Amino acid sequence: MDGPNIVRSTTVFDMPTHWDLAGAGDFTGDGRADLLWRDDAGRVVLWEMNGPEIVRHGLVADVPTTMQILDTADFTGDGRNDILWQDDNGRVSLWEMNGANIVSQTDITTVPADQHFAGTGDFNGDFRADILWRHDNGDLRMWEMDGANILADTALGTLPDYWQVADTGDYNGDGMSDILWRDDAGTIVLWEMNGPTIVDDTAVNTIPTNWHIV
């Protein structure tokens, strides 16, 4: 892509249906996004990419199906994506990665069943991913992270359950991730963030409910 323009459309590979894309990000630190795959048996594989070219593919690990990948992001600030996991008992763990190699595996904590993963992003501008959690009662919390260490656990507010976190990203160019919300009617609202502080709360647009943010 070049902005909204499709520069080239290329078939990379025909992947069997028992493999699912588990994440995309720069795992090698070369400035290019790579692809993380997982099959139905729990096997995790990384494709190191150069555009549509698979430069190298390597087995990361065979992981029990009781563990699920929540997201991939750079939690350590080394320019390489890591893998955030949670098992069926609520245990959250971080794999610090260097390409397809697991540098370390660290349990962060165990979260209760009424608390659900809502997204990651660098909300405080320290070049390390932080984590959003949402409770069944609508409470939103932010974990400011340094690797697998929780530096702060802060409540951001409570929203009705018809509002859901649609995405996170730096929408205003200040180097800190923001939170994009969407309600059941399709209304889009942006929270501009500075760490756990909501700097601005702005309605962006309303889009039909048959359109989805991917």
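The model is predicted: local features need pLDDT of at least 70 and side-chain atom pairs pLDDT 80 or more, while totals for chains, interfaces and linings use all residues. Residues are numbered from 1 along each chain as its sequence is written, and side-chain values use heavy atoms, without hydrogens and water.

Strands here are DSSP E runs of at least two residues, numbered from the N terminus. Two strands pair if DSSP finds at least two bridges between them. An open sheet of 4 strands runs in the order S1-S2-S3-S4 with antiparallel pairing. Its edge strands, S1 (19-25) and S4 (53-62), each pair on one side only. S1 and S2 (residues 34-39) share 6 bridges in the antiparallel sense, and Gly-25 is opposite Asp-34 in S2.

Aromatic rings of Phe, Tyr and Trp (its six-membered ring) pair if their centres lie within 6.5 Å; planes under 30 degrees apart are stacked, over 60 edge-to-face and the rest tilted. The count is 6 aromatic pairs. Two tilted pairs are tabulated.

| Pair | Centre distance | Plane angle |
|---|---|---|
| Trp-133 and Trp-143 | 5.0 Å | 50° |
| Trp-181 and Trp-191 | 5.0 Å | 55° |

Trp-181 lies in strand S14 (residues 178-183) and Trp-191 in strand S15 (residues 187-194), so their pair ties together parts 10 residues apart in sequence.

Ile-108 is in strand S8 (residues 101-110). Its relative accessibility is 15%, so Ile-108 counts as buried (under 20%; exposed is over 50%, partly exposed in between, with a 1.4 Å probe and protein chains only). Beyond neighbours within four places in sequence, Ile-108 contacts residues including Leu-84, Trp-143 and Ile-150 (heavy atoms within 4.5 Å).
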